[in-house]
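Here's a quick briefing to read with the model open beside you.

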Amino acid sequence: MTLKHLLLLFFIFCFTSSFSQMILNRDTSLTISENGIAFSSAFSGGINSGQFSEIDLNLDGTMDLVVFDKSGNKISPFINDNGNYIFSPKYRSNFPKAHDWMLLADYNCDGKNDIYTYSSGGMAIYENTSSNNLSFSLVTSLVLSDYGSNNLNIYISPVDIPAIADIDYDGDIDILTFSILGGFIEYHKNMAMELTGNCDTVAFELSESCWGLFSEGLNEYVLNCPNCQCPPIVNPNTVNSKQKHAGSTLLAIDIDNDNDMDLVLGDVSYNNLNLLINGGDNQNALMISVDSVFPQNNSNTIAADMHVYPASYYLDVTNDGVKDLIVTTNSQNNSENFESCWLYENAGQTNTPDFNFVQTNFLQSDMIDLGTSSFPTFYDYNNDSLLDLVVGNYGYHVAYNDPISSLALFENTGTKDIPKYELIDRDWQGISTVNLNIQLGLPALNISPTFGDLDADGDKDMILGDSDGKLHYFTNQSGNFTVAAPNYFSIDVGYFSQPQLVDVDRDGLLDIIIGEQDGSINYCPNSGTATLAAFDTIIKNWGGIDVDTNYISNGLSSPKLIDSNGIYQLFVGSYTGTIYQFTDIDGNLNGQFSPIYSTATNLWDGGKCAFALADINNDNQPEMILGNLSGGIAYFSSDTLLNDTTTTNILNNKQGNFSIYPNPASSKLTIESSEIGIIKIKNLLGKTIYKSIKSNYLLEVNTSQFVNGVYILQLNGISSKVLIQ
């Protein structure tokens, strides 16, 4: 028998036997277009409140880009490929977990940017310890400063952005941050050079309590405040130096090439950036003027106008050796979403910039960004036997008004084996104009769709969940959906209903399960008939499920009940972005479901996740579209082995549950499972090249002598693909 025939038989065996599991790999090969133009980075995941920093991710000597999205605490790495930024999520796992803010700067002068991030009313520092691979090591979980009588943490609010820069030009990184009382900026001088002559020491002291001798309050400034005493304030209702600090963003740059740091500030309640010019020097700062329309420095440039709470970042993103200006919002919940990353290209020099406005959607124009939040589901809208994609959202930003919630329709224009999607309508069925909130006569927010035939007419009807915890029923009339019952059966689960139509009790009638804000799941059995559904009962806390309770009270559960070879498995998205798995559902609808450790939790692409599962490429395995808080989507296929993958095994049987990492592997892989048994690794010819008894929770396998390629790993007969490279 030839090698070709052996491979064919092997893959036939895999496809017929692999119903017992899904192997999901992050996949960027799926083509998605809008107006005939393909998104070059479709699955980058959206950006709401981006914070931009430079770092060499792949250690090739070229600075790449990392975007930390405050909305969902999402880290998005981008490789700089000759000036093109390529989304590279495989580097995400190299970063420590961060929340609220994350900035990168070289704290120890080794040429590698380190991590500064929020921690317990202050900040932590992680050293970039990269050698052969990107890596970080915690230096301190809370940076202290000498306040004169004792050492206290440098206070930095979680809603602020501090300035992290060499303020006194002595070679080490200092910190500027607003006092906890507000108004004045504290200057925490890094004493590393003074104490040791080197940068690699964390030693700060409070050098000045009102750096720059100015006071800030509600987007206005009082200059000339010697000894932190400001002159009389013209309008005491406008500026109050004693008021508690509300929120500001800081960027320290030398904008006039005079060897001292000027300051760019954004205020939490305003839309503009202010540039404060330092008329002193790098030892004694003195702010002498305020430009409230920064960076409107010539006729080609517009002032920053970020609706609320602008933040600024200075880094070279045009690959010309000169730093450019990125303006975003630091507002977690009131972002311009898909137009929240303004790029000003610097036509001058880093210390004498000439800013020219380029676009409002830097990086975002290349990705699918549906505003805030995305709730995907598959549905064949045109009856061509190809599954299309419908994605709801919380909404698109509207200044000084409620967001506009809608459904986006992606038509599958490919084939049954090779799907391809075209975004043909961002407000499909005109949902944004339908007054589903019958009490206020307004459209609903946070639209989450599900489809199923509720009237036995052969086509699928639609139910939408909303932010008020209600459901709304639409009948399908030749492809057009008509609202038949807003506030369907008066179902109200509290807030943020996430429904799924599914035959839970297997009686031939579609029931409804509904996720909600508190993380639990509601079950509404259908007590009607095939032609007239009836949902008059709500079973709360179904299965005893309450996701994310260990982290936050708002779990935002998003359930999907999946029939896998006649056995129900329940997967639940959550506020943190974790996907939970539960079993023991069939024959136990009134009992407690069993949570199982599942490597489905490795599939993470941002907070507030929701997902859709279906076989869209005719391989007898389901694929996944995963939505997130930033309004983006990610794609995971079950049969693609790429260099840039996140691999997950989701098993139907909790007794066969195990995870493998890293995958792809190079010199070593680890098998993690509570099971004991026999481990076998086979090549594609079916030959066993490794065999061992697994007697502990972890088993490490030396793969350094393996030939690069695809292998099959088996634990007690359960198989999973492994890539050695």
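Lys560 lies over the face of Phe611, 5.6 Å from the ring centre. A charge counts as sitting over a ring if NZ of Lys or CZ of Arg is within 6 Å of the ring centre and within 35 degrees of the ring normal. Keep in mind that this is a predicted model: local features need pLDDT of at least 70, side-chain atom pairs count only at pLDDT 80 or more, and totals for chains, interfaces and linings use all residues. Residues are numbered from 1 along each chain as its sequence is written, and side-chain values use heavy atoms, with hydrogens and water left out.

**Rings and charges**

- Arg506 also has its charged end over a ring, that of Tyr568, at 3.8 Å from the centre.
- Rings of Phe, Tyr and Trp (its six-membered ring) pair if their centres lie within 6.5 Å; planes under 30 degrees apart count as stacked, over 60 as edge-to-face and the rest as tilted. By this rule there are 26 aromatic pairs.
- One of them is tilted: Phe95 and Phe136, 5.1 Å centre to centre with 35 degrees between the planes. That pair links distant parts of the chain, 41 residues apart, with Phe95 in the loop between strand 7 (84-87) and strand 8 (102-105) and Phe136 in strand 11 (residues 136-140). Helices (H or I, at least four residues) and strands (E, at least two) are DSSP runs, numbered from the N terminus.
- Both Phe95 and Phe136 are buried; buried means under 20% relative accessible area, exposed over 50%, and partly exposed in between (1.4 Å probe, protein chains only).
- Phe294 and Phe355 have ring centres 6.0 Å apart and planes at 85 degrees, so this pair is edge-to-face. Phe294 is in strand 23 (residues 287-294) and Phe355 in strand 27 (residues 355-359), so the pair ties together parts that are 61 residues apart in sequence.
- Phe294 is buried at a relative accessible area of 3%, and Phe355 is buried at 1%.
- Tyr379, Tyr381, Trp428, Phe451 and Phe481 are linked into a cluster by ring pairs.

- Strand 37 (residues 511-515) is mostly covered, with five of its five residues buried.
- In a regular strand the side chains alternate between the two faces of the sheet. Here Asp511, Ile513 and Gly515 point one way, Ile512 and Ile514 point the other way, and all are buried.
- Strand 36 (residues 498-502) runs antiparallel to strand 37, joined by five bridges; two strands pair if DSSP finds at least two bridges between them. Gln500 has Ile513 as its bridge partner in strand 37.
- Strand 38 (residues 521-524) is also antiparallel to strand 37, over four bridges, and Ile512 stands opposite Cys524 there.
- The hairpin of strand 37 and strand 38 has five residues between the strands, and in it Gly519 takes a positive phi near 95 degrees.

**Nonpolar cores**

- A nonpolar core is a set of buried Ala, Val, Leu, Ile, Met, Phe, Trp, Tyr and Cys residues joined through side-chain atoms within 4.5 Å. The largest has 33 residues, of which Phe52, Leu65, Trp101, Tyr116, Phe362 and Leu363 touch the most other members.
- Strand 24 (310-315) is among the strands that each supply at least two residues of this core, and strand 24 gives the most, with three.
- A second, separate core of 21 residues includes Leu30, Ile32, Phe43 and Tyr421.

- Asn337 sits in the loop between strand 25 (324-329) and strand 26 (342-346) and counts as buried at 2% relative accessibility.
- Leaving aside neighbours within four places in sequence, Asn337 is in contact (heavy atoms within 4.5 Å) with residues including Ile47, Asn48, Tyr396 and His397.
- Asn337 makes a side-chain to side-chain polar contact with Thr372 (3.5 Å). A polar contact is a pair of N or O atoms within 3.5 Å; within protein, one must be able to donate a hydrogen and the other to accept it, and residues adjacent in sequence count only if both atoms are side-chain atoms.
- Thr583, in strand 41 (residues 580-583), counts as buried at 9% relative accessibility. The side chain of Thr583 makes a polar contact with the side chain of Gln569 (3.3 Å).
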